[in-house]
Amino acid sequence: MKYTFIVLISLIVFGCKDTKEVSETSVAEENTITVETSNDSLIYPGEKHFKSIRQVTFGGDNAEAYWSFDDKQLVFQSNNKAWNVGCDQMFLMNVNETFKDKMPPMISTGKGRTTCAYFLPDNKHIIYASTHLGGDDCPETPLRKNGKYIWPIYDTYDIFVADLEGNIVKQLTNEIGYDAEPTVSPKGDKIVFTSTRSGDLELYTMNIDGTDVKQITNELGYDGGAFFSPDGTKLIFRSSRPKTEQEIKEYKELLAEGLVEPTDMELYICNADGSDLRQLTDLGNANWSPFFHPSGEKILFSSNFEAERGFPFNLYMIDLDGKNLERVTHGETFDAFPVFSNNGKYLAFSSNRNNGGGRDTNLFIAEWQD
């Protein structure tokens, strides 16, 4: 569900810079990643934190690329029709691969709709959410209701463990309602996810094997897209929390229909057990897809708070005390889903850049510099 925002932006056509084809080398023993070195760069003026950059995909909507614990592979979701899928499915890649003329291996079932895959510590399994138990077909994706942009909250989503050949080996959730958006602690001991099992969209944690489920948030609103800090002690997430009577009424009515309106979201941070919860941003519009900087002292996230018409979305960085807000990307359409490699050297993210003015959202890997 963190992924669906791409649809909103991808409907807006903007021209982006051209770039030369990326060169590739094999993965070195130290897992050095090949990046764009041409003078005709994918890096926009002002993007000083990107030392170099490489485009990974070249078509469809591609997002939420998450690194294996050893930084040798990534798992991501795509609806690229050239890859024989009708809606988002999970794909596996090695760190130096690109997919301009080839298709990556699909490691979800190919049935239903999937979202939010994440590696487990053994680097041999992933977790992800899927609707396939509710039916083989892709569920409908309503985008607007009463003139407002909405997200569907499919009650057929459950969280599964699969191996890297696509075989499901375990089902981790079996509650009625939405269970999705799982991510794994860098410590390798916990999973955080979003669920409607309480009647609202709240955060929960569980052990890697699905045991010891604990509710983390308890306030009305959609809490989701959570990630652990590098030391596993904190959680960062985005939330759309209604305040006024009218907002509360509208939120509850939409949720009863399996829908949410994600256009007003701020970032929240808490300890991994839910204690010391506080709001981190107060910027307005949609602030979402947060991820901890490798230092654990900053948050990278996507926002359209500077936009007057809902776009562009760019990446920003902010300290844990809410100070020193810094713009990281300078695109005209959409940059989101920033995810650092475990060694902190690289950043995977999704962008509309270099899509020829079309609707495609592709994956990029940048070499990061502070």
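1. Is Glu257 buried, partly exposed or exposed? In this predicted model, Glu257 is partly exposed, because its relative accessible area is 47%, and the cut-offs are under 20% for buried and over 50% for exposed. Its side chain meets that of Lys145 in a salt bridge, at 3.2 Å from N to O. The two residues are 112 apart and link distant parts of the chain: Glu257 sits in the loop between α2 and β18, Lys145 in strand β7. Lys145 is partly exposed as well, at 26%.

2. The whole structure has 18 salt bridges. One of them joins the side chains of Arg353 and Glu47, with 2.9 Å between N and O. Arg353 is in the loop between β26 and β27 and Glu47 in the loop between α1 and β1, so this pair ties together parts 306 residues apart in sequence. Both Arg353 and Glu47 are buried. Asp335 joins these two in a network of salt bridges.

3. The largest pocket has a volume of about 390 Å³. Its lining has 17 residues, and Ser240, Arg241, Pro242, Glu247 and Asp264 are the closest to the centre. Helix α2 gives the most to this lining, with 4 residues; β17 and β19 each supply at least two. By class, the lining has 6 nonpolar, 4 polar and 7 charged residues.

4. The second largest pocket, of about 290 Å³, is lined by 20 residues, with Pro186, Phe291, Phe340, Ser341 and Asn342 nearest its centre. Strands β2, β16, β21 and β25 each supply at least two lining residues. This lining has 14 nonpolar and 6 polar residues, and no charged ones.

Methods. Residues numbered from 1 in each chain as written. Predicted model: local features only at pLDDT ≥ 70, side-chain atom pairs only at ≥ 80, totals over all residues. Heavy atoms only, no water. 1 Å grid on protein atoms, 1.4 Å probe; cavity = no way out; pocket = protein on both sides within 12 Å on 5 of 7 lines; lining within 4 Å. Points joined across faces, edges and corners; volume = space filled by probe spheres on them. Nonpolar A, V, L, I, M, F, W, Y, C, P; charged D, E, K, R; others polar. Salt bridge = Lys/Arg side-chain N within 4 Å of Asp/Glu carboxyl O. Buried < 20%, exposed > 50% of the residue type's maximum accessible area, 1.4 Å probe, protein only.
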